[in-house]
Amino acid sequence: TSLAEQHIIAPQDGIPGGPGSDDWILEEHYHNDEMYLLDRKTGKLFTNPGENSWPRPIGMRTNQQVKIGTKNKMEAFLNNLDHYLQTQGERLREVFEEFDLDRSGFLDRRELARLIQKLMPDADSRDIDELRT
């Protein structure tokens, strides 16, 4: 359920020339005098990126509560992917092509499972299933 659906924030759809429902929108959100970026759809909070970096997940906003430091498997996977790309000096396209065994242009469930196992060796089958959905 999005924050708009929970009536915490106003919906953004329908604004001429504005973002659509599929756009990823991050907006400034202040908590304890710190500025974070808020994803209105999911309630996830991200760091304010510096030069040449991406926003990193840092917490969640539910109702009017902010929880900093909450992590789930997807955030761990994305952090591991980011670390892998930086340390291996590879681009996402190169990594994608390594795991797209059938060259379909998509990662099927089996190919995605291989990528997850490479980035998160201690992930069990439940973790892999959670990340694949």
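1. Helices (H or I, at least four residues) and strands (E, at least two) are DSSP runs, numbered from the N terminus. A pocket is defined on a 1 Å grid over the protein atoms alone, as an open set of points where a 1.4 Å probe fits, with protein on both sides within 12 Å along at least five of seven lines; lining residues have an atom within 4 Å of a point. On these terms, helix 1 gives the largest share of the lining of the largest pocket, namely seven residues.

2. The model is predicted: local features need pLDDT of at least 70, side-chain atom pairs count only at pLDDT 80 or more, and totals for chains, interfaces and linings use all residues. Residues are numbered from 1 along each chain as its sequence is written, and side-chain values use heavy atoms, with hydrogens and water left out.

3. Four helices and five strands form the secondary structure of the chain. Their order along the sequence is β-β-β-β-β-α-α-α-α. Of the 133 residues in the chain, 30% are buried (under 20% relative accessible area, with exposed over 50% and partly exposed in between; 1.4 Å probe, protein chains only).

4. The largest pocket has a volume of about 580 Å³, a volume being the space filled by probe spheres set on the grid points, which are joined across faces, edges and corners. It is lined by 19 residues, and the closest to its centre are Trp-54, Pro-55, Pro-57, Leu-78 and Asp-82. Strand 3 (44–46) and helix 1 (73–88) are the elements that give two or more residues to this lining. By type, the lining holds nine nonpolar, five polar and five charged residues (Ala, Val, Leu, Ile, Met, Phe, Trp, Tyr, Cys and Pro count as nonpolar, Asp, Glu, Lys and Arg as charged, and the others, Gly among them, as polar).

5. Is Ile-116 buried or exposed? Ile-116, in helix 3 (residues 109–119), is buried, with a relative accessible area of 1%. Leaving aside neighbours within four places in sequence, Ile-116 is in contact (heavy atoms within 4.5 Å) with Phe-77, Ala-123, Ile-128, Leu-131 and Arg-132. The C-alpha atoms of Ile-116 and Leu-78 are separated by 9.9 Å, although the two residues are 38 apart along the chain.

6. Most residues other than glycine have a negative phi. Asp-33, not a glycine, has a positive phi of about 65°; Asp-33 sits in the loop between strand 1 (26–31) and strand 2 (34–39) and is exposed, with a relative accessible area of 80%. Arg-103, also not a glycine, has a positive phi of about 55°. Arg-103 belongs to the loop between helix 2 (92–99) and helix 3 and is exposed, at 59% relative accessible area.
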